[in-house]
Amino acid sequence: MTNLSFDDYFISKVIFVETLAMSKILVIGACGQIGIELVLELRKLYGSQTVLASDIKDICPKAIANGPYHSLDIMDNNRLESIVEDHDVKQVYLLAALLSATAESKPRFAWDLNMEGLFNVLELAKNNKINKIFWPSSIAVFGSNSPMNQTPQHTTMEPSTVYGISKLAGERWCEYYHNKYGVDVRSIRYPGLISYKSAPGGGTTDYAVDIFVKAVADEAYTCYLSEDTKLPMMYMSDAIRATIEIMEVPTSQIKIRSSYNLAGLSFNPKELATEIEKQRGDFKITYAPDFRQSIADSWPNSIDDKYAQTDWNWENRINLKTLVSEMLHGLSED
Ligand code: NAD
Ligand code: AKB
């Protein structure tokens with residue numbers, strides 16, 4: 001303040017605060033299963049004009065038409081940089097990726113997309129163009145040599161899918177950019193996510209959404225996993241809350257810069273079908289495992305998330321009964 005009058009100092013402070021207030025959040029991959037709900041929640045919290053949705057899709061879905069939308073291919077680094085600069089973006093949530101089942105049919109493309117997108121965003125932060133990044137990892141980082149039950153944060157990780165390999169490599173790069181360049185990147189290993197506002201995008205856990213679509217249509221469901229395939233899952237409202245919570249806590253509370261284990265609930269298709277039948281009445285399910293069975297078999301049954309609980313007070317809320325009830329009601333209203 002030495003060379004400034006009080007008035008000048010006051011005005012510069014106001015400008016600084018206003019500039020901060022105007023800086024934007026960019027969600028990349030906003031038209032997907034997580035993106036739609038994350039954009040809606042972020043806009044509720046920070047205002048619809050503050051949160052820019054973007055996706056490779058040309059047309060903005062109706063669900064997120066209440067705020068700005070930019071068509072963006074995350075592989076197009078020039079366009080990414082110009083959106084960030086033109087709109088004073090300071091935080092990025094990077095959701096664009098190919099998920100486990102789809103990635104197996106295009107392994108090389110999946111690797112390129114999942115890694116290049118991440119590098120483009122990490123470099124923005126390294127060059128001080130943005131301040132903070134959220135990038136999701138997955139339970140797919142584990143493999144059949146990892147402990148299956150209550151899989152710990154730090155353990156053997158030998159993923160067998162291209163998706164899992166890209167997520168594990170991504171985690172290592174996030175930690176590297178944090179340690180080497182001070183990049184504030186935060187990450188969660190999401191379990192399979194269950195929601196009704198937008199369809200899932202080609203994962204192994206998608207059966208746990210598809211089953212509800214059939215149930216509300218009073219149709220039988222043929223499950224591509226065996227009845228006893230237990231997997232870690234989470235209801236979308238818990239996942240969105242975790243995402244925003246990890247981004248909001250002070251930097252000092254984020255002790256893990258690769259990615260945090262996060263647990264919701266665990267169940268198998270038979271247990272899910274039984275709860276659906278309990279709440280809705282007669283429901284038929286048959287089982288015809290396909291290539292996704294071996295992916296699911298290589299993933300944990302349940303997750304130990306004690307570090308997320310300790311470091312940033314993570315707590316899951318939705319249990320199986322509530323999840324089934326919310327999904328049945330949500331899809332029936334659509
Ligand atoms: P999704 O497939 O539903 O959505 C991905 C979105 O990215 C789509 O709208 C797609 O159009 C967009 N996209 C694809 N290529 C793009 C590109 N080149 N540039 C810009 N956008 C592009 O996926 P999701 O389920 O919303 O997952 C989001 C992230 O969360 C992914 O990184 C995924 O690996 C991770 N994740 C998801 C789950 C889950 O159960 N949904 C679990 C673990 C991790
Ligand atoms: C998938 O099945 O690919 C995703 C995930 C658990 O990462 N839902």
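**Entry 1**

Which residue stands opposite proline 232 in S13? I looked it up, and serine 266 is the one.

Before going on, I noted that this is a predicted model, in which local features need pLDDT of at least 70, side-chain atom pairs count only at pLDDT 80 or more, and totals for chains, interfaces and linings use all residues. Residues are numbered from 1 along each chain as its sequence is written, chains are lettered from A and ligands numbered from 1 in the order in which they are written, and side-chain values use heavy atoms, with hydrogens and water left out.

My helices (H or I, at least four residues) and strands (E, at least two) are DSSP runs, numbered from the N terminus. I call two strands paired if DSSP finds at least two bridges between them.

S11 covers residues 231-235. Strand S13 (residues 265-267) runs antiparallel to S11, and three bridges join them. S11 also pairs with strand S9 (residues 192-194), this time in the parallel sense, again over three bridges. There I found leucine 193 with methionine 234 of S11 as its bridge partner.

Next I checked how covered S11 is. Five of its five residues are buried, where buried means under 20% relative accessible area, exposed over 50%, and partly exposed in between (1.4 Å probe, protein chains only). In a regular strand the side chains alternate between the two faces of the sheet. Here Leu231, Met233 and Tyr235 are buried on one side, and Pro232 and Met234 are buried on the other.

**Entry 2: a three-strand sheet**

I then traced an open sheet in the order S6-S8-S12, with parallel pairing. Strand S6 (137-138) and strand S12 (260-261) are at the edges with a single partner strand each, so one side of each has no neighbour in the sheet. Strand S8 (residues 188-190) pairs with S12 over two bridges, and asparagine 261 in S12 is the bridge partner of arginine 189.

**Entry 3: empty space**

Rolling a probe the size of a water molecule over the atoms shows where empty space is left. My rules: on a 1 Å grid over the protein atoms alone, a cavity is a set of points where a 1.4 Å probe fits but cannot get out, while a pocket is an open set with protein on both sides within 12 Å along at least five of seven lines; lining residues have an atom within 4 Å of a point. Grid points are joined across faces, edges and corners, and a volume is the space filled by probe spheres set on the points.

I found one cavity of 30 Å³ or more, and the largest cavity has a volume of about 80 Å³. Its lining includes Leu94, Asn114, Trp135 and Lys167. Helix H5 (107-126) and H6 each supply at least two lining residues.

The largest pocket holds about 900 Å³ of space. Of the 40 residues that line this pocket, Leu95, Ala96, Ala97, Leu99 and Gly201 are the closest to its centre. Helix H2 (33-46), H5, S6, H6 and S9 each give two or more residues to the lining, and H2 gives the most, with three.

**Entry 4: two single residues**

Is tyrosine 176 buried or partly exposed? Tyrosine 176 lies in helix H6 (residues 162-181) and counts as partly exposed because its relative accessibility is 36%.

Aspartate 76 sits in the loop between strand S3 (69-71) and helix H3 (77-86). At 33% relative accessibility, aspartate 76 counts as partly exposed. From C-alpha to C-alpha, aspartate 76 and serine 237 are 31 Å apart in space, and 161 residues separate them in sequence.
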